[in-house]
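Work through the following exercises with the sequence and the model side by side, and try each task before reading its solution.

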Amino acid sequence: MYPRLLLIHRSVYEQRGSTAMESPVSAVVSNLYMEIFQWTALDSAPCKPKFLKRYVDDTFAILDRDRVDVFLKHLNSQQPSIRFIMEIENDSKITFPDIISLPSVPRVAMRVKKIAYFGGA
């Protein structure tokens, strides 16, 4: 099999694992994997979100403010090749695909985004 190389911001990365980006089954396989990943991570989470909705690779979750970092750390400990980041509400608003903003709630709203991790030599 030939290596899959990606050019991102003038740096070359080798894609390891997963399906080829140009493959027609990539989106289906990625979605199935993230669905399994989500439920496995939630089953073992030390704190459960009060609300969680995933859209492609974005996840909207509502948690108690003091549990956000614990939840993010748990997600990032599940799979070394996937890293999550979060966005906390700002001025009582947060963006999410197909939603402009949400009113403030007594808990933190966060956006978790899947980021491919490219380990390098």
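**Exercise 1.** Find which residues Q38 is in contact with, leaving aside its neighbours within four places in sequence.

Solution. With contact taken as heavy atoms within 4.5 Å, and with neighbours within four places in sequence left aside, Q38 touches L52 and R54. Q38 itself has its place in helix α1, where helices are DSSP runs of H or I with at least four residues, and strands are runs of E with at least two, numbered from the N terminus.

The model is predicted, so local features need pLDDT of at least 70 and side-chain atom pairs count only at pLDDT 80 or more, while totals for chains, interfaces and linings use all residues. Residues are numbered from 1 along each chain as its sequence is written, and side-chain values use heavy atoms, with hydrogens and water left out.

**Exercise 2.** Decide whether Q38 and L7 are buried or exposed.

Solution. Buried means under 20% relative accessible area, exposed over 50%, and partly exposed in between, using a 1.4 Å probe and protein chains only. Q38 has a relative accessible area of 12%, so Q38 is buried. L7, found in strand β1 (residues 4-8), has 64% and is therefore exposed.

**Exercise 3.** Work out how the rings of F37 and F84 are arranged.

Solution. Rings of Phe, Tyr and Trp (its six-membered ring) pair if their centres lie within 6.5 Å, and planes under 30 degrees apart count as stacked, over 60 as edge-to-face and the rest as tilted. The whole structure holds three aromatic pairs. In one of them, F37 and F84, the centres are 5.6 Å apart and the planes at 20°, so the pair is stacked. This pair links distant parts of the chain, 47 residues apart, with F37 in helix α1 (residues 26-44) and F84 in strand β5 (residues 82-88).
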